[in-house]
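Please have a look at the sequence and structure first.

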Amino acid sequence: MCGIVGYIGHREAYPIIVEGLKRLEYRGYDSAGIALFDGTDLKVSKTKGKVADLENLSETEITKHGNVGIGHTRWATHGVPNDVNSHPHVSNSGNLVIIHNGIIENYESLKKELISRGYTFKSDTDTEVLINLIEDVKKQEKVKLGKAVQIALNQVIGAYAITVFDKNKPEEIVVARLGSPLAIGIGEDEFFIASDASPFIEYTKDAIYLEDEEMAVIRFHKKIKIRKIKDDSLVDPYVQKLQMNLEEIEKGGYDHFMLKEIYEQPKAIKDTYRGRLLRDQAIIKMAGVEDNMKKFLNANRIIIVACGTSWHAGLVAEYIFEDLARIPVEVEYASEFRYRNPVITENDVLIAISQSGETADTLAAIKLAKSKGAFVFGVCNVVGSSIARETDAGAYTHAGPEIGVASTKAFTTQITVLTLMALRLARAKGSISSSDYRHHLLELELIPSKIEESLKSDDHIKIIADIYKNAPNCLYLGRGYNFPVALEGALKLKEISYIHAEGYPAAEMKHGPIALIDENMPVIVIATKKGHYEKVVSNIQEIKSRKGKIIGIVTEGDVQVKNLADHVIEVPETLEPLTPLLTTIPLQLLSYHIAVLLEKNVDQPRNLAKSVTVE
C-alpha cells in the first residue's frame, strides 16, 4: 500500500530514491519522506503531500549528499496523513530509522510495554512502535541490528515490508517482509531496495524477491545474507532476470498513465493471448490448465475470489464459464470470503484474480481454500508475486506495468485469460461445437483491432463528458455479460471523478432505482445488438418516459437506440461473450475525460492506492 525505496552503494542516493518514489507514488501518495546518511549523521526530511512536496522541502532542510538512504511514499493506515506520521520514523535514541508498509496489529500492547520502559512517541503510527521495539531489543539483548530486527519481528502480529538503518553501522541496511512485497536489485558494488523493480530498472536487471517471513542483511561490498525470521535458517537467494523495460513505466507522451493504459489495451490483449491462442490449429495452449485438466473437469463448482475491478472481471467470467463450459460458478468478494465460514471441499476449484498479485484479502482467501483441500488457480499480472507463488497453478496476464490507480488494461487482459480458459474447458467437455469454438477463436483474435476502432470515438466521448461533468449522480445499466461492465463503468467514475455512480442490471430499474430518474440524471446504458437487446430497449423507454438523459453504448449501425438516446457511442460488433472487451472501452474514456475536465488527479485519486496489501 506504500512505496519503499532504498539504496546503498557508490552513487549519490538522493536522486535514485526520489526518482524511485515518483515511480512508486501510485502505491500511496498522502505523504513522503527520506532519510540519508551523509557520512557523519542521519538526515531526515518528511512531509504530508506528494513526492514533489518532499523535493521542495529537502532543498532547504537536508543535505542531498550520501551513498546510503531510504525513502517512503505513504498510504495512511495508522495515523492521519501529516508531517509527524509520515515515514521514515526514528527511534528514541536517534540512531535507528525505519520505513514500513503494512500494519502491526498488536502495536497498542507493544506501545504500552515500551512506554512503561521509558520510551516516548511523537506519532500515532504503528511504525514508530516497531522501530523502538527493535531498538529496545538491540539494547536489552546486546545484539546487532539484524538480530534485533529478527527478534522484534517474532513479537509482532500483522503484515510488513520494512527497511531499517542504523547510523552507527552505515555500511548495511536490514530488510524484511511478511505479506507486503519487497525486491532487492543487485548491481555492481551497489544494492537497491524497493516495493517493486520499477525504481531500479535502469541500473540493474538482477533482482531478488523476498518471500514471506524472510529477512536480509544488505552490506556494502558483501554478499546478501537471507534468513528465515522464525528459525534463523539461511536461505539460498534466487536471482531473477527482470523483463520490465523503462519505457513501460513512463507516460510515453500521454498526459496521464490512465490514458496511456487505455490505449495500450489492443497490445496488452494481443500479448496476453500470444502463444496461447493458435487459431490456425484451433488450439488453446495454457500449461496451468492443461496440467490440471482433470481438476477443472471434475470440479463440482468454480469459486472466483477477487476485489474491486478484478471482482468485476470474475463476474464476466461467471457468465463465460457457465455459458460455454457449463461449470457452476460462484463469484465472491475476497474481503468477505473467509469471514463467512464458507463451505469448501476438495472437489472445488478456486480461481483468484488480482492485478498486483499482492492483494491481502485475496491471499487470505487462497490460504483458506488450500487449507480445505481445494485446487487454487491464480490469474495475476505480476511475475513472482505472492499470489503467483501461493497458488497451485495459474496464468499470467501480460498487461505490462499498470501505474494508473484506476485499473483499465488489467480488467480486459483478465477477461481475456478467463475467456481462453473457458473456451479450452468447453472444448474438453464437448459443450461447444467445433464450428462455434473456431468462431470464438477468430473473434477473440480480432478484438485488439476492434478496440482500436473503438478508441477512435475518443473525441466524441470527450464532448459527451463535457456535457455531464457536473452531474452529481450517474446510473450504469447492462444485462447479461454487460451487467458486470456496468458495475465496472460506475466504479471508474467513482474512483477518479468522485461522482456518485451505481451499476444495476437494467431489468432491476423498475424494482426501485427508477425512483431516482429525473431530467438531471445521466443513465449510461450498454445496449449492444447481442444479448437481450429488445429487453434493454424497453428499459431505455422506461427511463426516457421519465425524462432521464440516456447515453447508449451500441453496436455500429444501431438505429433503434439511437432514436431514443440523447447520445450514442458505437462499438464494433462481436460475439456476445466478447462484448465486455469492447463495451468497457468507452466507459473508461468517459470516466477519464470527466475527471480531467473536473481537474482531478486522474492517476492518483484521493484516498486510494494501487496495490492493497493490507486488510
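## Cysteines

Counting as a disulfide any pair of cysteine sulfur atoms within 2.5 Å, the structure has zero disulfides. C2 is in no disulfide, and its nearest cysteine sulfur, that of C307, is 18 Å away. C2 is buried at 5% relative accessibility, and C474 is buried, also at 5%. Here buried means under 20% relative accessible area, exposed means over 50%, and partly exposed is in between, with a 1.4 Å probe and protein chains only.

A word on the ground rules: this is a predicted model, in which local features need pLDDT of at least 70 and side-chain atom pairs count only at pLDDT 80 or more, while totals for chains, interfaces and linings use all residues. Residues are numbered from 1 along each chain as its sequence is written, and side-chain values use heavy atoms, with hydrogens and water left out.

## Aromatic pairs

Rings of Phe, Tyr and Trp (its six-membered ring) pair if their centres lie within 6.5 Å; planes under 30 degrees apart count as stacked, over 60 as edge-to-face and the rest as tilted. The count comes to nine aromatic pairs. One of them joins F296 and F375, whose ring centres are 5.8 Å apart with planes at 85 degrees, so this pair is edge-to-face. Because F296 belongs to helix α9 (residues 293–297) and F375 to strand β21 (residues 375–380), the pair ties together parts 79 residues apart in sequence. Helices (H or I, at least four residues) and strands (E, at least two) are DSSP runs, numbered from the N terminus. F296 is buried at 0% relative accessibility, and F375 is buried at 6%.

W311 and Y333 form a stacked pair, 4.0 Å centre to centre with 15 degrees between the planes. With W311 in helix α10 (residues 308–325) and Y333 in strand β19 (residues 329–333), this pair ties together parts 22 residues apart in sequence. W311 is buried at 12% relative accessible area, whereas Y333 is partly exposed at 40%. Elsewhere, Y7, F192, F200 and Y203 form one aromatic cluster.

## Charges over rings

A charge sits over a ring if NZ of Lys or CZ of Arg is within 6 Å of the ring centre and within 35 degrees of the ring normal. R606 places its charged end over the ring of Y498, 3.9 Å from the centre. R427 lies over the face of Y437, at 5.3 Å from the ring centre.

## Nonpolar cores

Which residues have the most contacts inside the largest nonpolar core? They are F296, I302, F321, I351, F377, M421 and Y476, in a core of 88 residues. Such a core is a set of buried Ala, Val, Leu, Ile, Met, Phe, Trp, Tyr and Cys residues joined through side-chain atoms within 4.5 Å. Helix α14 supplies the largest share of this core, ten residues.

Leaving aside residues up to four places away in sequence, M421 touches M286, V289, F296, F321, I351, F377 and V379, where contact means heavy atoms within 4.5 Å. A second, separate core has 30 residues, including V18, L54, F192 and A194.

I403 lies in the loop between β22 (393–396) and α14 (409–429), and E402 has its place in the loop between β22 and α14. I403 is buried at 9% relative accessible area, and E402 is buried at 3%.

The side chains of E402 and S407 are joined by a polar contact of 2.9 Å. A polar contact is a pair of N or O atoms within 3.5 Å; within protein, one must be able to donate a hydrogen and the other to accept it, and residues adjacent in sequence count only if both atoms are side-chain atoms. The C-alpha atom of I403 is 7.5 Å from that of D603, 200 residues apart along the chain.
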